[in-house]
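Let's take a walk through a protein chain together. Keep the picture turned so that you can follow along.

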Amino acid sequence: MAQDTMEKLVSLSKRRGFVFQSSEIYGGLNSCWDYGPLGVELKRNVKDAWWKAMTQKHDNIEGIDASILMHPTVWKASGHVDGFTDPMVDCKQCKSRFRSDKIDLTKPCPTCGTRDSYTEPRMFNLMFKTFMGPVEEDTNIVYLRPETAQGIYVNFHNVRESARQKLPFGIAQIGKAFRNEITPGNFIFRTREFEQMEMQFFIKPGTEDGWMNTWREERFNWYLENGIKKDKLRFHQHGPTELAHYASDAYDIEYEFPFGWQELEGIHSRTDFDLKNHQQYSGKNLQYYDQEANEKYIPFIVETSAGCDRSVLTFMVDAYDEDELGGETRVVMRFHPKMAPIKAAVLPLVKKDGLSELADNLFRDLQKNWKVFYDESGAIGRRYRRQDEAGTPFCFTVDYQTKEDNTVTVRYRDSGEQERISLDKVKAFLAEKIG
Ligand code: ATP
């Protein structure tokens, strides 16, 4: 898929209401995006699928929703105040700014083509600062969290005790994170405000290799189960120079975007770094008493850290297709039915002879269980095409035969094929396909 597919996707997003530029009527705000009616449904489906895969399918994973603003010492303990920096260079000629670890400094500036025009790299802290209370002074500084994980670590004992969990167990959270990225871009791939879906799994020291394997496999399969093409996904293991100083092992799940292979999710073996530091900075005991072994220790952590917006982009890129159907070129979003923003459309063939009423009855009935769409305007072919672009997997068409034998046609988005099913089977059909 070439880069121009990204342009097509951005334009489809605006046209159909997946994603809009933030504050567009004011000229937009760099790297900020708003989800429209279809996008917000897709994003909710991504989050629901993740939440289910974590907290519903595992009785040893609990959910939380922590505050975005946290005690400022959290970010000292986590290492973010001192170390959450990226190296930054400026082009002296055109003033463009880059992350020096993401470009080749021996090559000309990618914006203006000048050679040897870069400043020396400077370290830049990515945390957004603000002030708590009415007085803007240093003692009142708080940070917008740059990751959701810390809200999990500081609640380790709260969750363990209230949910009566024993190791190994996990805590899952979905929420906003903020990073003052030097070079955001590629649509919703890298933004300054984004959502993460993180799960921190607390384990006995020494068992981390086994849990890394388990979670790597489970997370990779999650993307496949939700329809992502296998040949577009791969693992990348961090080499010694990439590995964070506290990590004993780390893998990225990468996806082949139109702009190349990029990280989608990180699976990291974080040792006891997080709880050890919070114990030191808070002065609170964060050890775990292991009854079976009759010993106390600080748990190790294996984390799975996925970007929600980045997943949305992945589902969109992966679904985007253009093909020929009935001699016409069409754009079709081939979402897995679980991810599709609209699950089905109900269409009367014509507006007269009582077909609208029959279709409306079916629509109202399906609406109780799923996000469905009713459309009676325009030629039937055009209505199908509109649903293809939105990624709606099934269209149910009410026609004259419906009045005779209580059947409707179901039209499949991917093949364009149609078959008749009886009206009283439509619900069971959708339940089976969507789950
Ligand atoms: P990068 O090296 O690309 O800056 P990272 O390794 O710092 O990313 P993590 O801190 O491991 O990323 O964050 C976990 C996940 O959060 C990433 O895999 C990604 O999906 C998502 N994420 C991180 N930064 C952003 C961002 N600026 N915009 C959107 N998603 C992000």
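We'll start with the overall layout and then visit a few spots one by one.

What you see is a predicted model, so local features are described only where pLDDT is at least 70, side-chain atom pairs count only at pLDDT 80 or more, and totals for chains, interfaces and linings use all residues. Residues are numbered from 1 along each chain as its sequence is written.

First, the big picture. The chain contains 13 helices and 23 strands; here helices (H or I, at least four residues) and strands (E, at least two) are DSSP runs, numbered from the N terminus. Its C-alpha trace spans about 75 × 65 × 50 Å along the principal axes. The domain assignment gives domain 1 (36-78 + 141-316) and domain 2 (342-434), with bounds that come from an automatic or database domain assignment. Taken over C-alpha atoms, the centres of domain 1 and domain 2 are 40 Å apart. Of the 435 residues in the chain, 34% are buried. A residue is called buried if 20 or more other C-beta atoms lie within 10 Å of its own, exposed if 12 or fewer, and partly exposed in between, with C-beta atoms placed from the backbone.

Now go to the ligand. Around it sit 16 residues, and the closest are Phe194, Gly266, Ser305, Gly307 and Arg310; to be near, a residue needs its C-beta atom, placed from the backbone, within 6 Å. Which elements supply at least two residues each of this shell? They are strand E10 (193-203), strand E13 (260-269), strand E16 (300-307) and helix H9 (308-319). E13 gives the largest share, four residues. Sorted by class, the shell has three nonpolar, five polar and eight charged residues. Ala, Val, Leu, Ile, Met, Phe, Trp, Tyr, Cys and Pro count as nonpolar, Asp, Glu, Lys and Arg as charged, and the others, Gly among them, as polar.

Next, look for an open sheet of three strands, in the order E5-E4-E6, with antiparallel pairing. Two strands pair if DSSP finds at least two bridges between them. Strand E5 (97-99) and strand E6 (122-125) are the edges, as each pairs on one side only. Strand E4 (residues 85-90) is joined to E6 by four bridges in the antiparallel sense.

Just after H11, glycine 391 has a positive phi of about 85 degrees.

Finally, check out some backbone details in the loops. Between strand E1 (19-21) and strand E2 (33-35) is serine 23, whose phi is positive, about 50 degrees, although it is not a glycine. Is serine 23 buried or exposed? Serine 23 counts as exposed because it has 11 C-beta neighbours inside 10 Å. Asparagine 186, in the loop between E9 and E10, also isn't a glycine, and its phi is near 55 degrees, a positive value. With 19 other C-beta atoms within 10 Å, asparagine 186 is partly exposed. Last, the peptide bond from leucine 167 to proline 168 is cis, with omega near -5 degrees; proline 168 is in the loop between helix H6 (156-162) and strand E9 (169-178).
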